[in-house]
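Thanks for coming, everyone. Let me put the structure up, and then we'll walk through it piece by piece.

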Amino acid sequence: MERRSFVQGAGIAGVLAAGIAPAVHAQPAIRWRLASSFPKSLDTIFGAAEIMAKQVGAMTGGKFTITVAAPGEIVPAFGVDDAVRNRTVEMCHTAPYYFVGKNEAFAFGTAIPFGLNSRQINGWVMEGNGMKLLREFYAQFNFINFIGGNTGSQMGGFWRKEIKSLADLKGQKMRIGGFGGRVMEKIGLVPQMIPGGEIYQALEKGTIDAAEWVGPYDDEKLGLNKVAPNYAYPGFWEGGAGLEFWINNAAFNELPADYKAIVEAACSHAAIEMQARYDARNPAALKKLVAGGTKLFRFPKDVMDAAFKASQELYSELSAKNPAFKKIYDDYSAFRRDANLWFRFSEATFDDFMQQQRL
């Protein structure tokens, strides 16, 4: 019997039963470029984009390749949004709060001071209304978002001198991103927005008095401890800093359905890998920093209280004048209220007990 007549007569069930696989549709060859907002030296954040691209290539047998570019190779670190919007590149990996100057609602893609922690962010985005609300907002900018990782709770930055009271904060110039800068400005600090690859030089030259980035592993790589010996905690402006992949709407819609699913899966995989790297590498890095002379200090209560009060005032002000911010914040804050109630009886009490033990 000829193979063609056998296939036509037996149908798909018979073909599979006979062990004869029909031809699989050919996957198209696609080449994309991704612009990152982060320097190559950071294998945590920049590495997340590389992980995502590698997964896409592996799951498509090399048919779909994504080339990852560092800041300056195609566009600057803070130019990735327009690059995706205009399809200069098909996608980017960034911290959405870098773009609060265009609309404060961008902050919710990363973090707001005294906001959700990383677990809670994932809950709000993936199971709450977070993703729906963010995509509604991003639609006007011509891109779609996918989760792109989380740093976990961050440190409070390296300072030339220890902050012992709210008065010590007045007039200090600090590299700080997103809403953290808005809140700190309200309590006397002078915020500066500087890309990750330029922070060390600014701190070394005295252009700034302090700089926050992420946490011990990344901060050590940037060498910030060499020019500012005092290391603050907690980074209350980023209780869990989310990153995102942004993809040009037209570029994403042109993908076949299986490629769309592959991209989403690869982004999720990269997001998990990124936070795992931080959780695994930060402890050893912190020990190394302290052994090398870095002095840890906790923000005093009057700084924390003043910052919290300023953050609530800021959110009220923005909700009154920015409908996009208010719509997202109302949902976000309701989720935060319930999430904190649950964590109070679960994660927080367990963590508090365990951190008092000497194991």
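Which residues of α2 are buried? They are Ile45, Phe46, Gly47, Ala48, Ala49, Ile51, Met52, Ala53, Val56 and Gly57. Buried here means under 20% relative accessible area, with exposed over 50% and partly exposed in between, using a 1.4 Å probe and protein chains only.

A word on the source. This is a predicted model, where local features need pLDDT of at least 70, side-chain atom pairs count only at pLDDT 80 or more, and totals for chains, interfaces and linings use all residues. Residues are numbered from 1 along each chain as its sequence is written, and side-chain values use heavy atoms, with hydrogens and water left out.

Now the helix itself. α2 covers residues 45-59, which is 15 residues. From first C-alpha to last, α2 reaches 22 Å, close to the expected 21 Å. That expected span is 1.5 Å times one less than the number of residues. Helices (H or I, at least four residues) and strands (E, at least two) are DSSP runs, numbered from the N terminus. Just after α2, Gly61 takes a positive phi of about 60°.

What does α2 lie across? It lies across β1 (30-36), β2, β3, β4 and β10. Its direction is at about 165° to β2. Contact means heavy atoms within 4.5 Å. Axes are lines fitted to C-alpha atoms, for helices over the stretch in contact, and angles run from 0 to 180 degrees between N-to-C directions. Helix α5, residues 130-138, packs on the sheet too, touching β4 and β10. The direction of α5 makes about 135° with that of β4.

Next, that sheet. Five strands form an open sheet, ordered β2-β1-β3-β10-β4, with mixed pairing. Two strands pair if DSSP finds at least two bridges between them. At the edges are β2 (64-69) and β4 (143-150), each pairing on one side only. The twist averages 25° from one strand to the next. Inside, β3 (91-94) and β10 (242-248) run antiparallel, joined by four bridges. Met91 stands opposite Ile247 in β10.

On to the other sheet. Six strands make an open sheet in the order β7-β6-β8-β5-β9-β11, again mixed. Why is one side of β7 (190-192) and of β11 (295-298) left without a neighbour in the sheet? Because each stands at an edge, with a single partner strand.

Last stop, β9. Two bridges join β9 (230-233) to β5 (158-159), running antiparallel. Phe158 has Tyr231 as its bridge partner in β9. β9 and β11 pair in the parallel sense, over four bridges. There, Tyr231 stands opposite Leu296 in β11.
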